[in-house]
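Open the model in your viewer and keep the selection panel at hand. This tour goes stop by stop.

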Amino acid sequence: MAALSAYNSIFILTAIFACLEAWNIGANDVANSFASSVSSRSLTLKQAMVVAALCEFGGSVSVGDRVSDTLRTKIIDPHNFDAAPQVLLLAMMCTIMASSVFLTIATRYGMPVSTTHSAIGGMIGAAAASIGIDKVNWGIQGASQVFLAWVIAPGLAGVIGAAVFFFTKRVILMSRNPVRRAFWSIPFFSFLTFGSVTMMIAWKGLHDVDMTTMMVLIIIFSTASGGALIHATFVMPYMWVRIIRQDWTLRWYHALLGPLLLKRGAPPPTPSGFVKPVIKNYYRGHLTREELAYVRASEELLQSVQMHGANGPSELNKDDEFELLPPPAREPPIEARPQSPGTNSLVPPRPQGSWNSFPVLTWRINRILLSGIEKDVIHMQKRTAVLNWDLEDMHSRAPRFDNRAEYMFSSLQILTAAAASFTHGANDVSNAVAPLSTALDVWSSGVVNDDVDVPIWVLCFGGGAIVLGLLTFGYHVMRTLGNRLTLISPTRGFCMELATAITVIIATRLRLPVSTTQCITGATVGVGLANGDWRCINPKLVGWIYMGWIITLPVTGLMAGGLMGLIINAPRWAS
C-alpha cells in the first residue's frame, strides 16, 4: 500500500496528464524532426511514422532513464519539500497538467514549441506558488536556459544550415554535371553524417554513460568510416545503375548485391505499354517564376473578360483579331491546379455495401484509427490557414536543381532524421517521465529521495504515448514546419537536419542549452535565406513561431502557479 494513499487521486491525475504530455511530445516535437523529410518527399507520411515510432520508442526505453533525473532536479531542489512530501506530489501534478494542456492547444494550431520549456515553465510556476520564487534555480543550467535558447539555438543552427547548403549548392548542385558530382560526394557526406549522428547520440543521448574522450573519438571515427564504407559498397552501385545507366528493371532489394550490380548487362527494351519507373519529381506542385507569372496573368485576363461580359459588350469582345495566348508548352503540375475541397487521395474509397456490413464497418474503423497518417501534408501546406503570405511566390523564388542529384541526398536525409528522432526520444521523454517518476516515488514511499529509479513500465508508458501522439496528431506541426516556411527538397532537408545535429553537438560540448525544435526552425530559415532571396522564407510564420516560444514559459508558469495556489490554499488541503 502506498505511503501517501490519501492522495491517490493526485497521483492518478498526474499519471493521466503525464500520458497527455507524452502524447503531445510525439505530436509536437517528434513531428518537427520529420517535417522536412515528409515535405521534401524523401519519405511518405506513413514511412516517416514507422521510422519515427521505432526510433522514438527505442530511445525512450533504452536511454530515457539516464536523463530523467536531470529535469527533476535542475529547476527546483526536491529537498525543499522534505517537510511536506505531499506538496511535491501536488507540484508534479500541477506541472504536468499545465504543460500538457498548453501543448495540446499549441499542437492543435500547428505551433512548434519546446516541450522542455513547457515543462520548465510548469515547474517554475508550481514552485513559486508553493515554496517561493526565490527557491527556483535561475542559473545557466536552470531556468535561464530557456531565455538563452531563444537566441543560441535558432541563430547557430541558421548559420550552420546556410553555410552547409551554400557550399552544397555552389560546389555540387550548380556545377556543369551536378548528378556526377552528387554521386562522388556521397562518401564525404556519408562520413560527415554518420560521424555527426554518432556524436549526437554519444554526447547527448548517452551523456551520462562513463566514456573517456579517447573512447568516444574511436567510436565516432569507427562508426563514421564504417557507415561511409557501407554506403559506398551498397548504395553507390545501386544509384549508379539506377540513375546513370537508367536500368528500369532495378528493384530496391538489388542494393544488397553491392558491387555485383555493376556487372549487370544493359537493360532489355521496355515492353510495349510498360511505364518505366522514373526519379521522383521533388518539385512537383511548386510553380517556377515563369509558370506562376503565366497562371496569374491568365487568371487576371479571365477575370477581366468575365467582368466586361457581365457589363455587356465591350471593346475587348468586339476585337475580332484578339486571340488568347496559347497555353505554355509545360502545363502546371497537377498539384498546383484547383482541387475540390475535402479530397484526399491517401484515403481509400468506401467499399460497396450497407453501413453495417463488415467491409464498410472495417473501413470506418480504419478511418478513425488511421486518420492521423492518411493526411496529404504537402497539399495541406499550400493552405494559408494561420497567416496570409504568398506561398506560391515564395516557392517560385527558390532555384530548382536536378531531381537526380536531389535523389542522392534522400537516404542521408532519412538517416539524420532517424538519428535525431532516437536522440529526441532519449532526452525529451523525461519531460513526461520525470514528473511522473517523482510523483510515483513520493506517493509510494512518503519521503523525498535523492535518487529516483525510473521503472521500465514508466519508460514504455512514455515511449508508447509519444508514438501514439505522432501517429494521431503529428501532421498538424508537420504542415507548419514544412513548405509553409520555405521550399524544401531532399538536399535542403538534409542540410537542415545536418545543421541541427551539428548545433546540438556543439551546444552539448559547450554545455549550452538548446532546443531541437528551435534548432530545426533556425536551420530551415538559414537554408531558405541561402537561396539568395529573403522572400524565399515566410517571415510572418517565423514571427508567429517565435512568439510561441516566448509565451510558452510564462503561460505554463501562470497556469501551474494558479492551479497550485488554488489547491494548496484551499481549506480542505490546509486541514
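**Aromatic pairs**

The structure holds 13 aromatic pairs. The model is predicted.

Select Phe 183 and Trp 240 to begin. Their rings form a tilted pair, 5.2 Å centre to centre with 55 degrees between the planes. This pair links distant parts of the chain: Phe 183 sits in helix α6 (residues 178–184) and Trp 240 in helix α8 (residues 213–244), 57 residues apart. Phe 183 is buried, with a relative accessible area of 5%.

Next, select Phe 409 and Phe 494. The ring centres are 5.7 Å apart and the planes meet at 45 degrees, so this pair is tilted. Again, distant parts of the chain are linked: Phe 409 is in the loop between α14 (403–407) and α15 (410–428), Phe 494 is in helix α19, and 85 residues separate them. Phe 409 is buried at 2% relative accessible area. Phe 494 is buried at 0% relative accessibility.

Ring pairs link Phe 188, Phe 189, Phe 409 and Phe 494 into a cluster.

**Helices α1 and α19**

Stay with α19 (residues 490–509) and show α1 (residues 8–39). The two axes come within 8 Å and cross at roughly 160 degrees. That makes α1 roughly antiparallel to α19. Their crossing is left-handed. Show side chains here: Ser 33, Ser 36 and Ser 37 of α1 contact Gly 493, Met 496 and Glu 497 of α19. By class, this contact has one nonpolar, four polar and one charged residues.

**Ser 100**

Last, select Ser 100 in helix α3 (residues 85–108). Is Ser 100 buried or exposed? At 0% relative accessibility, Ser 100 is buried. Beyond its neighbours within four places in sequence, Ser 100 contacts Phe 17, Leu 20, Glu 21 and Asn 24.

Note on methods:
Residues are numbered from 1 along each chain as its sequence is written. This is a predicted model: local features need pLDDT of at least 70, side-chain atom pairs count only at pLDDT 80 or more; totals for chains, interfaces and linings use all residues. Side-chain values use heavy atoms; hydrogens and water are left out. Axes are lines fitted to C-alpha atoms, for helices over the stretch in contact, and angles run from 0 to 180 degrees between N-to-C directions. Helices (H or I, at least four residues) and strands (E, at least two) are DSSP runs, numbered from the N terminus. Angles under 35 degrees count as roughly parallel, over 145 as roughly antiparallel, 65 to 115 as roughly perpendicular and the rest as oblique. A crossing is left-handed if the near helix is turned anticlockwise from the far one by less than a right angle, and right-handed if clockwise. Contact means heavy atoms within 4.5 Å. Ala, Val, Leu, Ile, Met, Phe, Trp, Tyr, Cys and Pro count as nonpolar, Asp, Glu, Lys and Arg as charged, and the others, Gly among them, as polar. Buried means under 20% relative accessible area, exposed over 50%, partly exposed in between (1.4 Å probe, protein chains only). Rings of Phe, Tyr and Trp (its six-membered ring) pair if their centres lie within 6.5 Å; planes under 30 degrees apart count as stacked, over 60 as edge-to-face and the rest as tilted.
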